[in-house]
Amino acid sequence: MKIKEVVADTAERVRYMLKNNDYIVNIDKKGVDVKKTRPTKHTIKWRSRNH
């Protein structure tokens, strides 16, 4: 039962990070590539206003 809770919690965190466009995930034949996006001035401005 503990493993199921950990997997569900991790899936929720990944979904939240992808929803906020914090990370970009590329899947191809070589494997999975995860990159953190750099915040632009536009996103910094709107995140500070919408907290």
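Guide: Let us begin with the element names: helices (H or I, at least four residues) and strands (E, at least two) are DSSP runs, numbered from the N terminus. By that naming, P39 is placed in the loop between β2 and α2. The model is a predicted one, in which local features need pLDDT of at least 70 and side-chain atom pairs count only at pLDDT 80 or more, while totals for chains, interfaces and linings use all residues. Residues are numbered from 1 along each chain as its sequence is written, and side-chain values use heavy atoms, with hydrogens and water left out.

Visitor: What makes P39 count as exposed or buried?

Guide: Relative accessible area decides this, with a 1.4 Å probe and protein chains only: under 20% is buried, over 50% is exposed, and anything in between is partly exposed. P39 has 54% relative accessibility, and therefore counts as exposed. Between P39 and N21 there are 18 residues in sequence, and their C-alpha atoms lie 9.6 Å apart in space.

Visitor: How is Y23 classed, buried or exposed or in between?

Guide: Y23, whose place is in strand β1, has a relative accessible area of 28% and is therefore partly exposed. Y23 and V7 are 16 residues apart in sequence, and 19 Å separates them in space, C-alpha to C-alpha.

Visitor: How do you know that strands β1 and β2 pair?

Guide: Pairing requires that DSSP find at least two bridges between two strands. Strand β1 (residues 23–28) and strand β2 (residues 31–36) have 6 bridges and run in the antiparallel sense, so they pass that test. One of the contacts joins D28 to its bridge partner G31 in β2, and with 2 residues between them β1 and β2 form a hairpin.

Visitor: Why is the contact of R13 with D9 called a salt bridge?

Guide: The term asks for a side-chain nitrogen of Lys or Arg within 4 Å of a carboxyl oxygen of Asp or Glu. The closest N and O atoms of R13 and D9 are 2.7 Å apart, so the pair qualifies. Both residues belong to helix α1, where they stand 4 residues apart, about one turn of the helix. R13 is exposed at 54%, whereas D9 is partly exposed at 32%.

Visitor: How confident is the predictor in the protein?

Guide: Its confidence in each residue is the pLDDT, from 0 to 100. The protein averages 83, and 98% of the residues score at least 70. Helix α1 (residues 2–19) has the highest confidence, at a mean of 88, and helix α2 (residues 41–49) the lowest, at 79.
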